[in-house]
Amino acid sequence: MKRIVLLGGGYGGVLTAKKLAKKFKKNSDVEITLIDRNPYHTLLTELHEVAANRTPEDAVKIELKKIFEGQKVQVVLDDIRHIDFDSRTLESRKTKYKYDYLVIGTGCKPTFFGIPGAEENSFTLWSYEDAVRLKEQIREKFGEAAKETDPAVRRTKLSFVVVGAGFTGVELVGEMAEFRDELCKEFFIDPQEVRLVVADMAPKILPILPDKLIAKSEKRLARMGVEVITSAKITRVDSQAVIMGDERVPAATIVWTAGVEGSELVGSLDVQQQGRKRIVTNDKLQSVDHDDVYVVGDNIFYIPEGEERPVPQMVENAEQAAPVIAHNIHADVTNQAKKSYKPGFHGTMVCIGSHYGIANVGLPNRMFMLSGFMALFAKHFINMFYLFTVAGFNKVWSYMMHEFFHVHNRRSFVGGHFSKRSPNFWLLPLRIYVGYMWLSEGLEKLWKIIDNPSRIFLIPPSPHAADATSAASQAVDAVAKTVDAQAAASAVTNAKDAVAALPVPHFVTSIMNGFMDIFFYTSNGDYTVLAKVFQTGMVLAEITFGILLIIGLFTALSSVATIAMGIMIWCSGMAPYEMLWYLTAGVALIGGSGSVFGLDYYVLPWLKKHWKRIPLVRRWYLYTD
């Protein structure tokens, strides 16, 4: 039995474990274990949204057991304190774990550069708990300031300093600026009283981005009322201020995002380290000291061939390293050739609040600068792609809910246009009426089918019909159900004039004619048996979905089905203009109204409960929470 242990449930650990599970899916002689101190995977790049109350707290957590549902990965909740490389053992307070291959992905922690008081008096943003704690702190200070009568104390409580103007610091202060506006309304505070500062010891913010994007970022922050201080000589931090050289900047809330170093465990390991406690690896991402120890994510210190700097501590590094490590472990077990790590990074993206972002993305040798809507679009797209690889449809759905559909105060890059604000009960009359219309149409046609089963009136006559008179007669029958009695009488005189139908593009007509020639018409222009079956099916579908809409059962599915039926009628060239009403009403009902005086209120929760128990569904995350 080969034992593969992954230490850390961050980006690198999770992705490597999933790749390994796939490679060793059918190998019963391999055991894969992921150990982490938390039962969930944290989306570290989204913590600022929780800290500033843009998304709910659970938006940045994914249960590890959910991620590995039905896969060959055992999740263990424990806190590893020591690694004995000689005996291949990981040790916690309560037990020991043996390994044949070890993947270290414990990530990083904030570093304070030895500045007095920085660690003791600052908040950090490097974990789920940090984000929740900071959100509570910000709200608490606004609440205290609202009742404070001493102007100096009030100013201090309403002053917030973010130390570090890298990605985390800029994203956080941008979100805090929007959170400030919400809290000012809630606590009746003038926004001009609130001071937001982002400070950095470097000469400019976001230093790895092009100067053009840096200038746009500074302009955006200024518009949001954020002070930017660069080349700040931070010498000390106390509980009420940041000291920058001779200047004291009062603030009751100080957030430290100025840099990171390897985790405490990595720092204590007896392996070669460089660059703030990062483990030195070879091109196969093995520790240079131990061939059976691989390193993933932020813990890697590796300088690719032709480069001067080590790989950056960013999510894409973990994403690209994970498949290489999985391949190399699999290759070692199966005696195959290993791969070298040749990263090709595709840029970086930063959001400054919920409505604006900047991005420098593209191919390694061709980058494009984006700002505003397109930058945020790229960021959300990449986020959803990552979430799909981790937890499939389930997490992508919840991400969309948090970012687009359940947003508050229009805090989304699409504003509040897609947010669900209106209660579903306003759609109840529309649902019942649309259902009644489809049901009455279906019942009317049903009696025609019962009266003469061989009569075809839902499918236009073939252009190869026996004679023009027969064709005209069939055309009259075709429109009789959708036009009034006067139009039908007029059709007897002139069938062509009677067809007051929605126009259909020529290419759609050509496709439909070809389809109907194959399935519905014989060579001499008569109808096939399939035409009768199709017509009967359409009539029964109108009745069925009409009833479902009326009783509020499977409302969303029924709405989509009525739209599909309307489109089919339109494509046939027989849809009256009132079909536009049916189609738009169907779209309005897709969001669902069956939970209001409908059976969906009872049936869907029951189905959802049992649907999630199906192994295949859980394996592929085909459900919503």
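**Exercise 1. Two helices in contact**

Describe how helix H1 and helix H10 pack against each other in this predicted model, giving the angle and the axis separation, the handedness of the crossing and the residues that meet.

*Solution.* Begin with the geometry: helix H1, which covers residues 11-23, packs against helix H10, which covers residues 315-333, at an angle of about 35°, and their axes lie 8 Å apart. The model in which this is seen is a predicted one. Next, take the handedness, which for the crossing of H1 and H10 is right-handed. Then list the residues on each side: H1 contributes Tyr11, Gly12, Leu15, Thr16, Lys19, Leu20 and Lys23, and these meet Val315, Ala318, Glu319, Ala322, Pro323, Ile325, Ala326, His327, Ile329 and His330 of H10. Finally, sort these residues by class, which gives 10 nonpolar, 4 polar and 3 charged residues in the contact of H1 with H10.

**Exercise 2. The chain as a whole**

*Solution.* Start with the secondary structure of the protein chain, which comes to 21 helices and 27 strands. Burial is the next item, and 51% of the 625 residues count as buried. The accessible surface of the protein chain amounts to about 30,500 Å², and carbon and sulfur atoms account for 58% of that surface. Last, look at the contacts between residues at least 6 apart in sequence, of which 66% join residues at least 24 apart.

**Exercise 3. Judging burial**

Decide whether Glu403, Lys445 and Cys351 are buried or exposed, and name the residues in contact with Glu403 and with Cys351.

*Solution.* The cut-off needed here is that buried means under 20% relative accessible area. Glu403, found in helix H11 (residues 373-405), has a relative accessible area of 4% and is therefore buried. Apart from its neighbours within four places in sequence, Glu403 is in contact with Glu46, Glu49, Arg54, Thr55, His380 and Ser412. Lys445, which belongs to helix H12 (residues 428-451), has a relative accessible area of 3%, so this residue is buried too. Cys351 is part of strand S25 (residues 347-351), and its relative accessibility of 0% means that it counts as buried. Setting aside neighbours within four places in sequence, the contacts of Cys351 are His48, Arg54, Glu171, Glu175, Tyr356, Gly357, Leu376 and Lys379.

**Exercise 4. Distance in sequence and in space**

For the pairs Cys351 and Glu175, Lys445 and Ala215, and Pro310 and Leu583, state how far apart the residues are in sequence and in space.

*Solution.* Work through the pairs in turn, using C-alpha positions. Cys351 and Glu175 are 176 residues apart in sequence, and their C-alpha atoms are 8.7 Å apart in space. Lys445 and Ala215 stand 230 residues apart along the chain, and 67 Å separates their C-alpha atoms. Pro310 and Leu583 are 273 residues apart in sequence and 57 Å apart from C-alpha to C-alpha. To place Pro310, note that this residue lies in the loop between strand S24 (300-301) and H10, and that it touches Arg278, Phe301, Tyr302 and Ile303, not counting residues up to four places away in sequence.

Key: Residues are numbered from 1 along each chain as its sequence is written. This is a predicted model: local features need pLDDT of at least 70, side-chain atom pairs count only at pLDDT 80 or more; totals for chains, interfaces and linings use all residues. Side-chain values use heavy atoms; hydrogens and water are left out. Axes are lines fitted to C-alpha atoms, for helices over the stretch in contact, and angles run from 0 to 180 degrees between N-to-C directions. Helices (H or I, at least four residues) and strands (E, at least two) are DSSP runs, numbered from the N terminus. A crossing is left-handed if the near helix is turned anticlockwise from the far one by less than a right angle, and right-handed if clockwise. Contact means heavy atoms within 4.5 Å. Ala, Val, Leu, Ile, Met, Phe, Trp, Tyr, Cys and Pro count as nonpolar, Asp, Glu, Lys and Arg as charged, and the others, Gly among them, as polar. Buried means under 20% relative accessible area, exposed over 50%, partly exposed in between (1.4 Å probe, protein chains only). Accessible areas come from the Shrake-Rupley method with a 1.4 Å probe; for residues, only the protein chains shown count as cover.
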